[in-house]
Amino acid sequence: MTRYESTGHLLLTPVDREAPARAVRLREMDLGEREDPELDDFARRVARTLEAPYAGVNFVGEERQFFAGLHHGPDAAASGYPARVLPRDHGYCPHVVVRRRALVLEDVRDFARFAGNAVVDESGVRSYLGAPLTDRRGFVLGTVCAVDVVPRRWGTQGLATVKALAAELAELLHARPGPHRG
């Protein structure tokens, strides 16, 4: 197996100028600080719909990412992956958030920028599909994503599906009772 060396987190993780404002918005919406059974159920639905072993609802803060919704297959429990909390320079969700658009990586090792990410060697991630989770005010709060440990063709249908799921979840979050949802 080829091992890719990281070229440093500054090259791998984009600068996120919206992070401070996003952190405030996440606190206003009471999101991104604790596990959420409803979001775990949503992640399970994402995994089932996309036929992926892993899926998540990930809120990206200033220093870390938090998977408030997480689904993993039975084999994942022993490995400890995926974790609920990751540094900002791990994985691909921060790229989706900063770019403000979906990201499809059929084989992460095909892209030098993404192949050296820690989740490749530490967790065996080989393919990723994620869409931004955008609230009504235009804040990209995080992502809805699916991951596989083998290369995979997500296709245009997979891309359309993850985008639709992210839009659906944004509406569900706004419909929840709580502070500052609008």
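Two strands count as paired if DSSP finds at least two bridges between them; helices (H or I, at least four residues) and strands (E, at least two) are DSSP runs numbered from the N terminus. The model is predicted: local features need pLDDT of at least 70, side-chain atom pairs count only at pLDDT 80 or more, and totals for chains, interfaces and linings use all residues. Residues are numbered from 1 along each chain as its sequence is written, and side-chain values use heavy atoms, with hydrogens and water left out.

**View 1. Strands β1 and β6 in the sheet.** Strand β1 (residues 54–60) and strand β6 (residues 140–148) run antiparallel and are joined by six bridges. Val 57 has Val 144 of β6 as its bridge partner. The open sheet around them has six strands in the order β3-β2-β1-β6-β5-β4, with antiparallel pairing. Because β3 (85–87) and β4 (103–105) stand at the edges with a single partner strand each, one side of each has no neighbour in the sheet. On average, neighbouring strands are turned by 25° against each other, direction ignored; axes are lines fitted to C-alpha atoms, for helices over the stretch in contact, and angles between N-to-C directions run from 0 to 180 degrees.

**View 2. Helices α2 and α3 against the sheet.** Helix α2 (residues 19–28) lies across β1 and β6 and runs at about 90° to β6. Helix α3 (residues 37–50) packs on the sheet, where it touches β1, β2 (64–72), β5 (127–134) and β6; contact means heavy atoms within 4.5 Å. The direction of α3 makes about 65° with that of β2.

**View 3. Helix α8 and its cover.** The 21 residues of helix α8 (residues 155–175) should span 30 Å at 1.5 Å a residue, and the end C-alpha atoms are 31 Å apart, which agrees. The expected span is 1.5 Å times one less than the number of residues. Buried residues of α8 include Gly 158, Thr 161, Leu 165, Leu 169 and Leu 173, where buried means under 20% relative accessible area, exposed over 50%, and partly exposed in between (1.4 Å probe, protein chains only). Among the elements covering the buried residues of α8 are α2, α3, β1, β5 and β6.

**View 4. Nonpolar cores.** The largest nonpolar core has 28 residues, and those with the most contacts inside it are Val 46, Phe 59, Leu 133, Val 144 and Leu 169. Such a core is a set of buried Ala, Val, Leu, Ile, Met, Phe, Trp, Tyr and Cys residues joined through side-chain atoms within 4.5 Å. At least two residues of this core come from each of α3, β1, β2, β5, β6 and α8; α8 supplies the largest share, six residues. Not counting residues up to four places away in sequence, Val 46 touches Ala 55, Val 144, Cys 145, Ala 146 and Leu 165. Another core, of 20 residues, lies apart from it and includes Val 96, Phe 114, Val 125 and Tyr 128.

**View 5. Salt bridges.** The structure holds 19 salt bridges, each a side-chain nitrogen of Lys or Arg within 4 Å of a carboxyl oxygen of Asp or Glu. One of them joins the side chains of Glu 171 and Arg 136 (2.9 Å, N to O). Glu 171 lies in helix α8 and Arg 136 in the loop between β5 and β6, so the pair ties together parts 35 residues apart in sequence. Glu 171 is partly exposed at 42% relative accessibility, whereas Arg 136 is exposed at 53%. Asp 148 and Arg 152 also meet in a salt bridge (3.3 Å, N to O); Asp 148 is buried at 10%, and Arg 152 is buried at 18%.
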